[in-house]
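The structure comes below, followed by the text.

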Amino acid sequence: WVFAIKVGTLKQKARLVAGGHMTEDPNTSTYASVVSHESVRIGLLIAALNGLDILSADIQNAYLTSPCQEKVYAILGPEFGAAREGKRSVIVRALYGLKSAGASFRKHLASCLAHLGYESSKGDPNVWLKAATKPTQEEYYEYLLVHTNDILAIVVNPQEVLARLNK
């Protein structure tokens, strides 16, 4: 367990973290790319030129939403109750600390965005776009820029887009 206190709010936070240093290196890529600075600048320019709104969001507990790529188990401690203590438990979600957690989340988020009709840009795979129509019937592209578990939505109604993604 890793315990922290959030700066500003003084909210206490506890996070279960895997001992990734104790696992073997996975056979798959563990790399999780992020949107480039240039793509963010271009996105902000597109928003300004086309009258689009911008909203950023943080995906809470991001890694816990994605399936684990590695085969990992934990030996349960006393905090899981006397009946379960000492038993092995298979980890099915990517925990912070696993070597492949970042790549697992990126793959899961890419699947969700594709399901919502977005496609990854060929120039920057962390820029996701989708053809859309403004209320004025003008055609444009919605853009979602992904930086690990942070998303920058550049669209007419970013709250609606992020609410769809949240579901």
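A residue counts as buried under 20% relative accessible area, exposed over 50% and partly exposed in between (1.4 Å probe, protein chains only). By that scale Val90 is exposed, with a relative accessible area of 63%. The model is predicted, so local features need pLDDT of at least 70 and side-chain atom pairs pLDDT 80 or more, while totals for chains, interfaces and linings use all residues. Residues are numbered from 1 along each chain as its sequence is written, and side-chain values use heavy atoms, without hydrogens and water.

Val90 lies in strand β5. Together with Tyr73, Ile75 and Val92, Val90 forms a nonpolar surface patch of about 440 Å² accessible area. Strands β4 (67-75) and β5 (88-93) each give two or more residues to the patch.

Helix α1 (residues 37-50) has 14 residues, which should span 20 Å at 1.5 Å a residue; the end C-alpha atoms are 20 Å apart, in agreement. The buried residues of α1 are Ser39, Gly43 and Ala47. They lie on the same side of α1, because their arc around the axis is only 80 degrees. An α-helix has 3.6 residues a turn, so residues three or four places apart point the same way. On the other side of α1, the exposed residues are His37, Glu38, Arg41, Ile42, Ala48 and Leu49. Just after α1, Gly51 has a positive phi of about 65 degrees.

The cover over the buried residues of α1 includes these strands:

| Strand | Residues |
|---|---|
| β3 | 53-58 |
| β7 | 127-133 |
| β8 | 139-147 |
| β9 | 150-155 |

Technical notes
Helices (H or I, at least four residues) and strands (E, at least two) are DSSP runs, numbered from the N terminus. The expected span of a helix is 1.5 Å times one less than its number of residues. The arc is that of the directions from the helix axis to the C-beta atoms. Contact means heavy atoms within 4.5 Å. Patches are made of residues with over 30% relative accessible area and no salt bridge: like charges are joined within 9 Å, nonpolar side chains (Val, Leu, Ile, Met, Phe, Trp, Tyr) within 5 Å. Accessible areas come from the Shrake-Rupley method with a 1.4 Å probe; for residues, only the protein chains shown count as cover. A salt bridge is a side-chain nitrogen of Lys or Arg within 4 Å of a carboxyl oxygen of Asp or Glu.
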